[in-house]
Amino acid sequence: MIANLHWNLSEILMWHDSLVVKGKEKSLLDDHHCDSHSLHTLLDEIFHSYKMLLDFDKIETYQVCVRMEGQTEERARSPPPAKLSSPTTEALETAILKVYLNSGSCVIVKFAVDTLVKTVVQAVSSQIACGTRVFESLYGIRLAHTLSDDVYWIHGESIVLQVVKKYQALLSIDEWRYELRVRYLPSDLRELYEKDKITFHYFYEQVKNDYLKLKCNVDQELALQLCCIEIRRFFKDLSHIALDKKSNFEYLERDVGLHKFLPAAVITAHKPKALRKLMQSHMKKFVSLSEVDCMFKFLRLVHPVLLYDREIFKCALGGGWSVPIELVIGPDLGISYLTDRATQPTHMASFQQVQSLHTVQSEYESGCKAILQLKISGASEMLSISCPTLAVAESMADLIDGYCRLVHKTQTSFWNKRNDRCASLK
């Protein structure tokens with residue numbers, strides 16, 4: 001029997017074919033054995049908890065079908081008649097945004113003409129799990145092009161409808177994927193875990209997924225260690241001899257999937273028998289670790305191959321006459337840069353020193369350039385950074401702005417989003 005369960009939307013949507021959204025009927029295949037009363041109680045909880053997010057007030061009916069032991073049971077509900085409306089299909093589609101979570105499931109949000117991106121971030125992040133988000137400001141929306149590696153970060157003060165129209169005009173809407181990501185990090189991940197476990201777990205899953213998708217070759221020894229650490233975290237009651245049994249390894253391979261623990265290149269490079277022996281030899285090292293220890297050890301070991309605490313941009317210092325650099329931005333490094341000859345980043349400014357920033361498109365003798373300008377406390381001149389495109393300048397601006405808001409503990413943006421086109425400069 002199912003009773004007293006708290007479901008969040010991401011869990012519901014992971015049951016593919018589980019929920020009716022915007023009046024479209026889908027079926028829910030229930031693998032659990034439960035009686036009719038408990039099932040109806042669960043459906044009531046789903047409807048009540050997510051009525052506001054999915055805007056069911058604007059839907060005439062919703063219907064969930066459950067297949068129980070070969071029989072189909074249907075249940076329909078209607079919102080109060082006074083709140084009914086019948087929007088057209090076209091209007092409904094233009095007002096809906098799918099935001100994907102780390103799990104691969106998505107949250108569907110209906111937005112108005114003046115809805116801001118930060119409102120969507122708050123709505124979606126609140127559905128990850130029940131609990132307080134002390135570090136809600138760490139989340140952002142990333143727009144990924146599914147047919148390439150192009151990604152664009154959307155600033156929280158942007159209007160959702162304008163963003164959708166802008167990128168839909170460039171490419172088909174089916175080629176874009178809106179993702180909820182943790183982009184900004186505190187300098188101490190232990191503090192994040194202690195104060196906001198939900199956000200920490202979400203960030204951990206994000207790092208793990210990014211690691212498994214790496215296209216570069218990962219050292220086999222490191223890959224096996226990370227694999228065994230994650231298996232230990234995933235199976236909390238795992239014994240040190242669990243993988244010695246062939247049946248357990250086959251279950252892991254067949255029913256769970258090795259792709260959840262190892263990059264594809266490592267899996268394809270070994271036969272199952274050889275891979276099992278390698279995993280057995282490493283597994284015993286980590287059986288004593290707790291779930292929390294596993295996560296922090298994973299993050300520490302994966303860092304050399306996945307620099308999750310910083311972002312690097314190819315750009316140049318200055319406007320007209322500029323020096324090529326790689327700008328490095330992160331919680332520990334602040335705003336730093338690397339040159340071809342340097343092995344360690346050179347620090348330029350901390351986020352506490354940034355008073356304001358804005359992006360401009362300037363005309364130089366060498367052509368039009370996208371410039372990110374920072375006003376730094378104590379500096380007599382603006383710090384100018386030339387970027388290859390305006391999109392890169394805006395991504396850098398969003399990242400710096402997010403860290404400035406984080407360290408100053410404010411929701412007020414430091415970014416003056418004018419995107420002015422300056423007069424010609426020599």
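Trainee: Why does histidine 155 count as buried?

Mentor: Its relative accessibility is 4%. Buried means under 20%, so histidine 155 falls in that class. Keep in mind that this is a predicted model, and every value here is computed from it.

Trainee: Where does histidine 155 lie?

Mentor: It is in the loop between strand E7 (151-154) and helix H6 (160-170). Leaving out residues up to four places away in sequence, histidine 155 touches Val117, Asp398, Asp401, Arg405, Ser413, Trp415 and Lys417.

Trainee: What makes the link between histidine 155 and aspartate 401 a polar contact?

Mentor: Their side chains are joined at 2.7 Å, and the limit for a pair of N or O atoms is 3.5 Å. The side chain of histidine 155 also reaches the backbone nitrogen of glutamate 157, at 3.1 Å.

Trainee: Is lysine 409 buried or exposed, and how do you know?

Mentor: Exposed means over 50%. Lysine 409 has a relative accessibility of 79%, so it is exposed. This residue is in the loop between helix H14 (390-408) and strand E16 (415-421).

Trainee: Now the rings. How many aromatic pairs does the structure hold?

Mentor: There are 14.

Trainee: Why is the pair of tyrosine 204 and phenylalanine 298 called edge-to-face?

Mentor: There are two values to check. The ring centres are 5.4 Å apart, and a pair needs them within 6.5 Å. The planes meet at 65°, and over 60 degrees counts as edge-to-face. Both conditions hold, so the name applies.

Trainee: Which parts of the chain does that pair link?

Mentor: Distant ones: tyrosine 204 is in helix H8 (residues 197-212) and phenylalanine 298 in helix H13 (residues 291-302), 94 residues apart.

Trainee: How do you know whether tyrosine 204 is buried or exposed?

Mentor: Tyrosine 204 has 0% relative accessibility, so it counts as buried. Phenylalanine 298 has a relative accessible area of 1%, so it is buried too.

Trainee: What makes tyrosine 211 and phenylalanine 298 an edge-to-face pair?

Mentor: The test is the one used before. Their centres are 5.9 Å apart and the angle between the planes is 85°. The distance is within 6.5 Å and the angle over 60 degrees. This pair also links distant parts of the chain, with tyrosine 211 in helix H8 and phenylalanine 298 in helix H13, 87 residues apart. Both tyrosine 211 and phenylalanine 298 are buried.

Trainee: Which residues do ring pairs link into a cluster?

Mentor: Tyr152, Tyr167 and Trp176 are linked in this way.

Trainee: How do you know that the charged end of arginine 190 sits over the ring of phenylalanine 296?

Mentor: The charged end is 3.7 Å from the ring centre. The distance limit is 6 Å. Arginine 177 does likewise over the ring of tyrosine 100, at 3.9 Å from the centre.

Trainee: Why does tyrosine 193 count as buried?

Mentor: Its relative accessibility is 15%, so it is under the 20% cut-off. Tyrosine 193 is in helix H7 (residues 189-195). Leaving aside neighbours within four places in sequence, its contacts are Phe200, His201, Val292, Met295 and Phe296.

Trainee: Why is H9 called mostly covered?

Mentor: Twelve of its 15 residues are buried. Among them are Leu222, Leu226 and Ile229. The cover includes H8, helix H10 (246-257), helix H11 (264-268), helix H12 (272-283) and H13.

Trainee: What makes aspartate 219 a cap of H9?

Mentor: One of its side-chain oxygens lies 3.1 Å from the backbone nitrogen of glutamate 221, at the N-terminal end of the helix.

Trainee: How many helices and strands does the protein have, then?

Mentor: It has 14 helices and 16 strands. Of its 426 residues, 46% count as buried.

How values were computed. Residues numbered from 1 in each chain as written. Predicted model: local features only at pLDDT ≥ 70, side-chain atom pairs only at ≥ 80, totals over all residues. Heavy atoms only, no water. Phe/Tyr/Trp six-rings, centres within 6.5 Å; stacked < 30°, edge-to-face > 60°. Helix = DSSP H or I, 4+ residues; strand = E, 2+ residues; numbered from the N terminus. Buried < 20%, exposed > 50% of the residue type's maximum accessible area, 1.4 Å probe, protein only. Lys NZ or Arg CZ within 6 Å of the ring centre and 35° of its normal. Contact = heavy atoms within 4.5 Å. Polar contact = N/O pair within 3.5 Å; in protein donor to acceptor, adjacent residues only side chain to side chain.
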